[in-house]
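Colleague: Please walk me through this model. For each feature, give me the general idea, then the case at hand.

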Amino acid sequence: MLAAYAVPSETSRGRQHPEPEHAYRDIFQRDRDRVIHSRAFRRLENKTQVFTRRYSDHFRNRLTHTIEVAQISRTIAAELELNVDLVETLALVHDIGHPPFGHAGEHALDAAMRANGEAFDHNLHALRIVEHFEQRYADFRGLNLSFEVREGIIKHSRDYSAAEHPQLSEYLLDQRPPLEAQLIDNTDEIAYITADLDDGLESNLITLKAIREHVPLFEHYYGEVERLYPGAIDKLRFNEALKRMLDHLVGDLIRNTKSKVAAAKIRTLADVRNSPKRLADFSGDVEAQRKQAKEFLYAELYYSPELKRDKEQSARVITEMFNFWLAHPDKLPTTYRQEIDRGSSSPARVVCDYVAGMTDNFILEQHRINCQAAASSVIER
């Protein structure tokens, strides 16, 4: 049963290219399956979340993070009586536009594009992937996803101005996205904050003592776990406390979203879309706790000296390869050279699209073959 303000599959605005209905899967179930079977989704396995493979292959990558977001999102969506299939699809596709090397790679690629008068946005790139780059069907280019999924790709984490992005005008930029899309930014936060505390401790870049001192929400549950399991080793007590912290964030998001929906007298999907503010959110106290945990991760993990070296190397590889292909478009694969020849996109955008689709391993290999080889040749001369 869906709430009256949820998105029923039968009222979807449909696809860009009409298709006959499937015998036993609705439109959002088919979208989910198309995302899972796409090349861009598979490539997430070899894209950095926080830690490169230099540390360990036990840590989260972009794909395992995505799966965790999907699990959390389904749980919350079911409790809120939202369309679970739509929510799961949006969770699975939410990071599909990320380039290699996590946020360091994204910042470097954006800087390279801005030096050429343009910009890189992973949400907008994700839309380009599902509408243009994935080629699996004879009848159309792209995955031909439903309107609601394409809208959620660009609107799940931020609002875009129609004046600044006229190419997105069809996506109801003057309205809020459905609750199914609004949830994703919050579940993404829950997933990566708790996961990064876990991986950060495992990497020895942050300590249990530091987490307990600077993340009050975690410390609250760690104290509870110490009383319940006095003989357990620290790692197991950590796991138990982190599990309770995750459940605390999930439970608050469910309760607070229900409360805001009721307070705003939301009855229909139109009410959600016309709401002055987004409705899926944490309560004030838990939002403060979330910020404390996030600030700790930025200070002690994301900007740590150990990870700084990886980020600097990643940014250098992205920048050098971007500039290499921009200067030598003849070295691009045929399909990308043809894009430049047709003039449908600028050379910088074509190179950006090529780089953004790469895995960490592939761009490192390309850098070794091209940039490092070129540098060696100059030294020899």
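**Reading the loops**

Modeller: Start with L172, which counts as buried because its relative accessibility is 15%. Buried means under 20% relative accessible area, exposed over 50%, and partly exposed in between, with a 1.4 Å probe and protein chains only. The model is predicted, so local features need pLDDT of at least 70, side-chain atom pairs count only at pLDDT 80 or more, and totals for chains, interfaces and linings use all residues. Residues are numbered from 1 along each chain as its sequence is written, and side-chain values use heavy atoms, with hydrogens and water left out.

Colleague: Where does L172 lie?

Modeller: In the loop between helix 7 (147-155) and helix 8. Helices are DSSP runs of H or I with at least four residues, strands are E runs of at least two, and both are numbered from the N terminus. L172 is not a glycine, yet its phi is positive, about 55 degrees.

Colleague: What is the phi of K265?

Modeller: Near 55 degrees, a positive value in a residue other than glycine. K265 sits in the loop between helix 11 (234-263) and helix 12 (269-273).

Colleague: Is K265 buried or exposed?

Modeller: Exposed, because its relative accessibility is 58%.

Colleague: How should I read polar contacts, and which ones does the side chain of H94 make?

Modeller: A polar contact is a pair of N or O atoms within 3.5 Å; within protein, one must be able to donate a hydrogen and the other to accept it, and residues adjacent in sequence count only if both atoms are side-chain atoms. The H94 side chain contacts the side chain of D95 at 3.4 Å. It also contacts the side chain of D188 at 3.4 Å. H94 is in the loop between helix 4 (84-93) and helix 5. H94 is buried, because its relative accessible area is 3%.

Colleague: Now the helices. What span does helix 8 reach?

Modeller: Helix 8 has 24 residues and reaches 35 Å from its first C-alpha to its last, close to the 34 Å expected at 1.5 Å a residue. The expected span is 1.5 Å times one less than the number of residues.

Colleague: Where does helix 8 bend?

Modeller: At D185, by about 25 degrees. A bend is the angle between axes fitted to the seven residues ending at a position and the seven starting there. Helix 8 is mostly covered, with 22 of its 24 residues buried. N204 follows helix 8 and has a positive phi, near 70 degrees.

Colleague: How many residues of helix 16 are buried?

Modeller: 9 of its 10, so that helix is mostly covered too. Among the buried residues are R349, C352 and Y354.

Colleague: How do I read a pocket?

Modeller: Rolling a probe the size of a water molecule over the atoms shows where empty space is left. On a 1 Å grid over the protein atoms alone, a cavity is a set of points where a 1.4 Å probe fits but cannot get out; a pocket is an open set with protein on both sides within 12 Å along at least five of seven lines; lining residues have an atom within 4 Å of a point. Points are joined across faces, edges and corners, and a volume is the space filled by probe spheres set on them. The largest pocket has a volume of about 860 Å³.

Colleague: Which residues lie nearest the centre of the largest pocket?

Modeller: H98, H103, E106, H107 and Y298, out of 37 lining residues. Helix 5 gives the most to that lining, with 6 residues. The lining divides into 10 nonpolar, 14 polar and 13 charged residues. Here Ala, Val, Leu, Ile, Met, Phe, Trp, Tyr, Cys and Pro count as nonpolar, Asp, Glu, Lys and Arg as charged, and the others, Gly among them, as polar.

Colleague: And the second largest pocket: how much space lies in it?

Modeller: About 590 Å³. It is lined by 26 residues, and L124, H125, R128, Q167 and R349 are the closest to its centre. Helix 6, helix 15 (334-342) and helix 16 (347-356) each give two or more residues to this lining. Helix 6 gives the most, with 7 residues. By class, the lining has 9 nonpolar, 7 polar and 10 charged residues.
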